[in-house]
Amino acid sequence: METIKNRRSIRKYKSEEVQAELLNQLLETAARAQTMGNLQLYSVVVTRDEGMKERLAPAHFNQPMVKGAPVVLTFCADFNRTTQWCLNRKADPGYDNFLSFMNAASDALLLCQNFCNLAEEKGLGICYLGTTIYNAGQIIDILNLPRLVVPVATITVGWPDECPPQTDRLPLESFVHEESYHDYTPADIDRYYSPH
Ligand SMILES: Cc1cc2nc3c(=O)[nH]c(=O)nc-3n(C[C@H](O)[C@H](O)[C@H](O)COP(=O)(O)O)c2cc1C
């Protein structure tokens with residue numbers, strides 16, 4: 001609990017490597033995450049190569065973390081592997097649709113967030129890059145992602161070289177609704193979004 005309570009996104013990293021053994025341990029443990037029908041509808045592309053980071057950077061609007069972090073991870077919703085499994089067994093997969101994409105995206109994001117929690121517990125710093133969704137097409141080309149594989153989250157990972165202040169959060173009552181949704185009055189909105 002304390003690790004999550006004290007966490008913040010880290011955008012500056014030491015030049016020290018993140019060992020492959022540690023990264024793989026974290027990914028393997030993260031994969032204990034819940035997954036739709038236990039199908040594990042995800043893939044993760046690990047980027048360490050400077051040339052690949054150079055190519056990815058513009059797709060992330062040249063946010064400095066891409067080239068500044070020792071590791072960049074791209075989490076992908078992946079129905080390609082499961083589809084191949086079905087086809088190889090002469091089954092009709094039928095996963096090329098929005099519902100399947102949402103299931104695969106959920107799996108990939110759960111894996112990603114599990115990884116983030118575990119990484120932060122080990123003292124690593126991470127930052128999500130929302131540019132992945134914005135420029136998914138470019139990232140698909142650069143990482144050579146096949147049909148039915150869509151990047152849904154990128155995180156930069158490294159040993160922290162900063163400790164920024166924690167950001168604010170909305171108060172609990174602003175986002176928890178007892179029994180049914182209670183819509184907001186203008187006064188509620190003002191109260192929740194004023195500094196506290
Ligand atoms: C889906 C998502 C996309 C994000 N995209 C970016 C981004 O492109 N660049 C960035 O610097 N931070 C990005 N962040 C980090 C948020 O800005 C950060 O989590 C938020 O401001 C709260 O700060 P904290 O993580 O330090 O608590 C993203 C976070 C999420 C969850």
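Of the contacts in the chain with a separation of 6 or more, 81% join residues 24 or more positions apart; two residues are in contact if their C-beta atoms, placed from the backbone, lie within 7 Å. The model is predicted: local features need pLDDT of at least 70, side-chain atom pairs count only at pLDDT 80 or more, and totals for chains, interfaces and linings use all residues. Residues are numbered from 1 along each chain as its sequence is written.

The secondary structure comprises ten helices and four strands, where helices (H or I, at least four residues) and strands (E, at least two) are DSSP runs numbered from the N terminus. Along the sequence these elements follow the pattern α-α-β-α-α-β-α-α-β-α-α-β-α-α. The C-alpha atoms fill a box of roughly 60 × 45 × 30 Å along the principal axes.

Of the 196 residues, 29% count as buried, a class that requires 20 or more other C-beta atoms within 10 Å of the residue's own, with C-beta atoms placed from the backbone. Strand β3 (residues 125-129) is largely enclosed by the rest of the structure because four of its five residues are buried. β3 pairs with β4 in the antiparallel sense over five bridges; strands pair if DSSP finds at least two bridges between them. In this pairing, C127 stands opposite T156 in β4.

Strand β4 (residues 149-158) also contains P151. P151 counts as buried because it has 26 C-beta neighbours inside 10 Å. Leaving aside residues up to four places away in sequence, P151 touches T74, C76, T132, A136, I139, I140 and L145. The C-alpha atoms of P151 and G137, 14 residues apart along the chain, are separated by 8.8 Å.

Methods
Buried ≥ 20, exposed ≤ 12 C-beta atoms within 10 Å, placed from the backbone.
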